[in-house]
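Visitor: I would like to learn how to read the features of a structure, one at a time. Please show me the model and take me through it.

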Amino acid sequence: MELVCPAGSLPALKAAVDNGASAVYVGFKDETNARHFSGLNFKEAKVQSALSYARSKGVKLFVAVNTYSQPDGWAKWQKAVDIASDVGVDALIAADMGVLDYATQKHPDLNLHLSVQGSGTNSESLSFYKNNFNIKRAVLPRVLSLKQVAQVAKKSPVDLEVFAFGSLCIMAEGRCYLSSYLTDQSPNTCGACSPASFVRWQETDAGLESRLNDVLIDRYGEGEKAGYPTLCKGRFDIDGEISNVLEEPTSLNTIGLLPELDAIGIKAVKIEGRQRSPVYVEQVVKVWRQAIDEYQRSPDGFNVRPQWTKALAKVSEGAQTTLGAYSRSWQ
Amino acid sequence: MKVSLGPILFFWPKQKVFDFYEQMLQTSVDTIYLGETVCSKRRELSTAEWLELASHLAESGKEVVVSSLALLMAESELSTLRSICEKAPVKVEANDISAVQILSEKGLPFVCGPSTNIYNARTLKLMQKQGAVRWVMPVELSGHCLQTILQQAEEMGFADKIETEVFSYGHLPLAFSARCFTARYLDLPKDNCKFSCIDYPEGILVKSQEQQKLFNLNGVQTQSSDIYNLLAQKAEMQAMGVDMLRISPVEEDTAQIIERFNAVDQSKQNMIPLSDEFCNGYWYAKPGMDTVSEFDAI
């Protein structure tokens, strides 16, 4: 099973490669990828160095051009695909059908993966992407239960990759405009969700307040741990009751599902977090490498080690983890 | 320009659905989309009953289109979709690429709904070649984007082969999830949701802790709490070449809204006031929740 790891910088990429990644995925320094954050990502020359480093250790490099191209910016997306192909990356991860079509026509030998942003949640949809763009792999959105993943895997015409660890999107990826409703930027259009430039923190008599484009996302009492104001994780009011209406701040952790995912035929597990630090990458990749190796050595005797859980909890959002949609009760 | 009625996004009792459409037949609406697009567990009307209703409404001479589910996660949902594509007496609206796959394989013409993620002319052309005869722009795109896409379609030589429809009135469909937020609010497990969204015929209002209206929960769908309203942009859309304006059903006044959209005197566009409950930011490439008056926009 392939371990696909995130890198938002060269140090993070080295951390991933050195700690056991099978493949590392990166994006360019613009809105063509779904982690378009300031100070993050790779320029063309850096992608070349990233590729050389990864290759020297036998690790693959994937490039994500996985946002949706709007008409004024088409040249940017086209260029991103051309660079990825010219550099010779192992796979291009894309969502937009226009981008996939361009890649298929212009670079027929480029290995294409359907991004999670492509919302391919079922076998018919994956067949469309396979038939029209000859994708080799699809990353499944984090909305499916384990049983549903198994159903898709059974009929999927392409290899499947699933999210294993990291921030949890509560909404079907590629189908969420909450961020642009409040800020004008969304993952689909700009590669940003609840962008930092719209975030404001304020100490008030009522507590510490986090705002997104002036909208109050959360208010923290004394001693409460404050988190980044990703808007779906805010505390809102329904009929006078304040709660995490959509989702609590929490991380996905599926390490205990490794045997099931393997049995279903999942070919790759993905770690989320190109926006996270090299230390995060190092810790998470190290644990997952150990877990996959142990599982492969002794599939029947696989047990989640307490030290793995502890190490992963330390780097989790909200310091708690969940099986997310894989467990039906979460839905 | 024609006016269409989008599918009912909420879960209404069967009789209410029938009564609603009988009422719609009396309006000047040109096209009626119907069917379950949000949650496969909503079965006040079976698939067969939706298709029968489609046949019945089509007898009136209005165009009728069967809308299909947006988020398909289970085999059973794919089976229903296949059956709709096979048996629909009228065109089908694809709201997921799975529907595009099935319909294009059958060589049937279809409509690409607002969640099929058509963000550029290249994608639009691809859909047209697959059999799409109309598309609905993603709600988060601006008027400027639309204009550019349509110009490019013209340059690419396929603009006359596909119609353009714009979501022009209603709670904006903003997100789909595996999780049912209505069940979560009521502390019910999704598998035993008791179909409780039927008790919220226009969703559940979510406000910030400062009482700012934000979202509208509709089962697995999250909508804007404000009503998106592009009535004042009608002339602009007409000039761009938009063919159809979509009105999303609400409990009361849908008929009246249709008549306003159909009858509005274009010389008086700018005189239509926007209330606080309306938003139109997306059209101006601003946050969707914003309200830009015609005057501000110039």
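**Reading the model**

Guide: Start with an open sheet of three strands in chain A, with the order 9-10-11 and antiparallel pairing. The model is predicted: local features need pLDDT of at least 70, side-chain atom pairs count only at pLDDT 80 or more, and totals for chains, interfaces and linings use all residues. Residues are numbered from 1 along each chain as its sequence is written, while chains are lettered from A and ligands numbered from 1 in the order in which they are written.

Visitor: Which are the edge strands of chain A in this sheet?

Guide: Strand 9 (199-204) and strand 11 (215-220) of chain A, since each pairs on one side only. Neighbouring strands of the sheet are turned by 25 degrees against each other on average, direction ignored. Helices (H or I, at least four residues) and strands (E, at least two) are DSSP runs, numbered from the N terminus.

Visitor: How do strands pair in a sheet?

Guide: Through backbone hydrogen bonds, either parallel or antiparallel. Two strands pair if DSSP finds at least two bridges between them. Here, strand 10 (residues 207-212) of chain A is joined to strand 11 of chain A by five bridges, and the two run antiparallel. L208(A) stands opposite Y220(A) in strand 11 of chain A.

Visitor: Which strand of chain B pairs with strand 8 of chain A?

Guide: Strand 7 (residues 163-177) of chain B, in the antiparallel sense, over two bridges. C176(A) has A175(B) as its bridge partner there.

Visitor: How are two packed helices described?

Guide: By the angle between their axes and the distance between the axes. Axes are lines fitted to C-alpha atoms, for helices over the stretch in contact, and angles run from 0 to 180 degrees between N-to-C directions. Helix 4 (residues 97-106) of chain A packs against helix 5 (residues 121-130) of chain B at an angle of about 85 degrees, with their axes 7 Å apart. Helix 4 of chain A and helix 5 of chain B are therefore roughly perpendicular (65 to 115 degrees; under 35 is roughly parallel, over 145 roughly antiparallel, the rest oblique).

Visitor: Which residues make the contact of helix 4 of chain A with helix 5 of chain B?

Guide: M97(A), G98(A), D101(A) and Y102(A) meet R122(B), T123(B) and L126(B). Contact means that C-beta atoms, placed from the backbone, lie within 7 Å.

Visitor: How many residues of chain A are in contact with chain B?

Guide: There are 51, in contact with 53 residues of chain B. Among the elements of chain A that give two or more residues to this side are helix 4, helix 6 (146-155) and strand 8 (171-176).

Visitor: Which residues of helix 1 of chain A are buried?

Guide: Buried means 20 or more other C-beta atoms within 10 Å of a residue's own; exposed means 12 or fewer, and partly exposed lies in between, with C-beta atoms placed from the backbone. In helix 1 (residues 10-18) of chain A, A12(A), L13(A), A15(A), A16(A) and V17(A) are buried. Their cover includes strand 1 (2-6), strand 2 (23-27), helix 2 (44-56) and helix 10 (278-297) of chain A. After helix 1 of chain A comes G20(A), with a positive phi near 115 degrees.

Visitor: How many residues of strand 9 of chain B are buried?

Guide: Five of the six residues in strand 9 (residues 213-218) of chain B. Strand 9 of chain B forms a hairpin with strand 10 of chain B, with two residues between them. In that turn, G219(B) has a positive phi of about 65 degrees.

Technical notes: Two residues are in contact if their C-beta atoms, placed from the backbone, lie within 7 Å.
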